[in-house]
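Subject: Structure for you to look at

Dear colleague,

I am passing on the structure we talked about, together with some notes on what came out of going through it. Please open it beside this message, and read the notes with the model in view.

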Amino acid sequence: NFDDIDASLGKAIGRTEYKGQVVAEGASKKVDEARRAIDDWRNLNPAEYHTPEGLDALKQKVGDILESIPFEQRNARAAVGDVYNSIKTTINNQAPSYAKVMRGYADASETMREIERALSLGQKSSADTAMRKLQSLMRNNANTNYGNRLSLAKQLEQAGGQPILPALAGQA
């Protein structure tokens, strides 16, 4: 059932238009891109694509649109983000067991994003900033968030299978 997704899409369109006139061009283009993706998905074979797994794939597709929006375009990110969240909510409401399975994946993804932010490992971060944060891991003070970065680095090391802490300790 696409009712909640459609309602969220209507609100997103409302954020970019006033009485049918586009007032936020960039946001309108991204919302329209999400709308087209949802409309295309809606027209696919329901037996294959309107399942929890199918809607999860749609959520990923809209998530890809969301990730392509620069952080400076807050209105566009918020509008498409609301549509993304409505797909997630629809899956949770209509297939609770699938939602339980996916919760672990969502938690792991959020942890990865947190590590990227805390250690400045994202695409827009400078290599210098990332290196300084990695080199500061062995300290336990306000600049390192009292060991939080170290715990995140340990998680990264455990998940990646590559020992980075001995190399950082040796470098320090």
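Helices here are DSSP runs of H or I with at least four residues, strands are runs of E with at least two, and both are numbered from the N terminus. Counted in that way, the protein chain has nine helices and two strands, and along the sequence they follow the pattern α-β-β-α-α-α-α-α-α-α-α. Please keep in mind throughout that this is a predicted model.

**Confidence**

The mean pLDDT of the protein chain is 83, and 92% of the residues score at least 70. Confidence is highest in α2, at 92, whereas it is lowest in helix α9 (residues 165–171), where the mean is 72.

**Overall form**

For 172 residues, a compact globule would have a radius of gyration near 16 Å, but the value for the protein chain is 20 Å. Taken along the principal axes, the C-alpha atoms fill a box of roughly 60 × 40 × 20 Å. Buried residues account for 33% of the 172 residues, and the accessible surface of the chain comes to about 10700 Å², with 51% of it belonging to carbon and sulfur atoms. Of the contacts with a separation of 6 or more, 52% are between residues 24 or more positions apart.

**The cores**

Which residues have the most contacts inside the largest nonpolar core? That core has 25 residues, and the ones in question are Phe-2, Ile-38, Leu-58, Val-62, Val-80 and Ile-87. The elements that give two or more residues to this core are α1 (3–16), α2 (25–42), α4 (52–67) and α5 (74–94). There is also a second, separate core of nine residues, which includes Ile-115, Leu-137, Ala-153 and Leu-168.

Once neighbours within four places in sequence are left aside, Phe-2 is in contact with Ile-38, Trp-41, Arg-42, His-50, Leu-55 and Leu-58. Val-80 lies in helix α5 and counts as buried, with a relative accessibility of 0%. Not counting residues up to four places away in sequence, Val-80 touches Lys-30, Val-31, Val-62, Ile-65, Leu-66 and Ile-69. Val-80 and Lys-29 are 51 residues apart in sequence, while their C-alpha atoms are 10 Å apart in space.

**The start of the chain**

Asn-1 belongs to the segment before α1; with a relative accessible area of 52%, Asn-1 is exposed. Beyond residues up to four places away in sequence, Asn-1 touches Thr-90 and Gln-94. Asn-1 and His-50 are separated by 49 residues in sequence and by 8.0 Å from C-alpha to C-alpha, and His-50 is also one of the contacts of Phe-2.

**A buried aspartate**

Leaving aside neighbours within four places in sequence, Asp-56 is in contact with Ile-91, Tyr-98 and Met-102.

**The loop between the strands**

Lys-19 is found in the loop between β1 (17–18) and β2 (21–22), and its relative accessible area of 72% makes Lys-19 exposed. The phi of Lys-19 is near 50°, a positive value in a residue other than glycine. For context, most residues other than glycine have a negative phi.

In helix α7 (residues 127–135), the buried residues are Ala-130, Lys-133 and Leu-134. Seen down the axis of α7, these buried residues fall within an arc of 100°, and therefore they line one face of the helix.

Leu-121 sits in the loop between α6 (96–118) and α7 and counts as partly exposed, at 36% relative accessibility. Apart from residues up to four places away in sequence, Leu-121 touches Ile-115, Glu-116, Ala-130 and Leu-156; of these, Ala-130 is among the buried residues of α7, and Ile-115 is included in the second core. Leu-121 and Leu-134 are 13 residues apart in sequence, and the distance between their C-alpha atoms is 9.7 Å.

With best wishes

Technical notes. Residues numbered from 1 in each chain as written. Predicted model: local features only at pLDDT ≥ 70, side-chain atom pairs only at ≥ 80, totals over all residues. Heavy atoms only, no water. Core = buried A, V, L, I, M, F, W, Y, C linked by side-chain atoms within 4.5 Å. Buried < 20%, exposed > 50% of the residue type's maximum accessible area, 1.4 Å probe, protein only. Contact = heavy atoms within 4.5 Å. Arc of directions from axis to C-beta. pLDDT = per-residue confidence, 0-100. Rg over C-alpha atoms; globule rule 2.2 N^0.38 Å. Areas by Shrake-Rupley, 256 points an atom, 1.4 Å probe, with all protein chains shown as cover.
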